[in-house]
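Hi,

Here is the structure I said I would pass on.

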Amino acid sequence: MSDTTSVYGYLEKPSMVDYPGRFAAVFFTSGCNFGCGFCHNAPLMGKKQAGLSWAQLESATRAFRKNWVNGVVISGGEPTCNDDLIDLIHFFKQQGLAVKLDTNGSNPDALSECLPHVDYVAMDIKCGYTAYPEIVRFSDTDKIRQSVALIQEQSVDYEFRTTVIESIHTDEQREEIKQTVHGSKRYALQAFIPRDELPAEEYRSYPRTSAARLQELRDRMAGCADEILLRGA
């Protein structure tokens, strides 16, 4: 095992919103195999960056535990792009912490290895399958389908989630996504928030998702999951 980890950084303060039911530390890995122009973690996209040492990670985790943290979120970037992901999960579990994994679902083989060891999985459903090549620059949608099925069948607890951009997530896209997540435990609709640092300039001036559109989508997605959540409405 390498002396360094794939963890590039972490939020200085624990989060009460990133892990449902947990007071969580949020750790980020770098590198991603998607090319989303609306990515809010743009600095973590693309090329992998130097990570923390295991000793640094242990020190940070110990400090979080002293502040009543009882869970961790492994986010990114895309964590399944990193060879040490299972080692990271075991490390945090050995610290007595519940582990939530954020993923884009592009690597079902890595996901399958991780599922028995994580307590919660959040998978992004970026759009309907037909739009993946254009919107996120990833064409192997069979892998996305496999990951959805794995999570539905094997995850202890989980959610699928979509960040809604009104001009992209049309009614046609809504129907595709509804079929994708049908029969799920939990599905979350999240508001898109424009930022100056988004990787594609066109998205920086897109309007924030309206509360009315999120509520409309929630109503029209009824029945696709046991629980439908709105975030940022």
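Let me start with a charge over a ring: Arg145 sits over the face of Tyr129, 4.0 Å from the ring centre. Before you go further, keep in mind that this is a predicted model.

On to the aromatics. I count 13 aromatic pairs in the structure. One of them joins Tyr10 and Phe64: the ring centres are 5.7 Å apart and the planes stand at 80 degrees, so this pair is edge-to-face. What does the pair tie together? Tyr10 belongs to strand S1 (residues 7–10) and Phe64 to helix H1 (residues 54–66), so the pair links parts that are 54 residues apart in sequence. The two partners also have their own accessibility values: Tyr10 is partly exposed, with a relative accessible area of 36%, whereas Phe64 is buried at 5%. Both belong to one aromatic cluster, together with Phe27, Trp54, Phe91 and Phe92.

Some of those names come back in the core. The largest nonpolar core has 62 residues, and the members that touch the most others are Phe27, Leu57, Phe92, Phe160 and Tyr187. Helix H2 is the top contributor to this core, giving six residues. Which residues does Leu57 contact once its neighbours within four places in sequence are left aside? They are Thr5, Val7, Phe27, Leu52, Leu88, Phe91 and Phe92. There is also a second, separate core of seven residues, with Tyr19, Phe28, Val73 and Tyr120 among them.

- The peptide bond from Gly76 to Gly77 is cis, with omega near 20 degrees. Gly77 is in the loop between strand S3 (71–75) and helix H2 (85–94).
- Trp68 has a positive phi, near 75 degrees, although this residue is not a glycine. You will find Trp68 in the loop between H1 and S3, and at 74% relative accessibility the residue counts as exposed.
- Arg137 is another residue other than glycine with a positive phi, in this case near 60 degrees. Its place is the loop between helix H4 (132–135) and helix H5 (141–154). Is Arg137 buried or exposed? Arg137 is exposed, with a relative accessible area of 65%.

That is what I have for now.

Cheers

Key. Residues are numbered from 1 along each chain as its sequence is written. This is a predicted model: local features need pLDDT of at least 70, side-chain atom pairs count only at pLDDT 80 or more; totals for chains, interfaces and linings use all residues. Side-chain values use heavy atoms; hydrogens and water are left out. Rings of Phe, Tyr and Trp (its six-membered ring) pair if their centres lie within 6.5 Å; planes under 30 degrees apart count as stacked, over 60 as edge-to-face and the rest as tilted. Helices (H or I, at least four residues) and strands (E, at least two) are DSSP runs, numbered from the N terminus. Buried means under 20% relative accessible area, exposed over 50%, partly exposed in between (1.4 Å probe, protein chains only). A charge sits over a ring if NZ of Lys or CZ of Arg is within 6 Å of the ring centre and within 35 degrees of the ring normal. A nonpolar core is a set of buried Ala, Val, Leu, Ile, Met, Phe, Trp, Tyr and Cys residues joined through side-chain atoms within 4.5 Å. Contact means heavy atoms within 4.5 Å.
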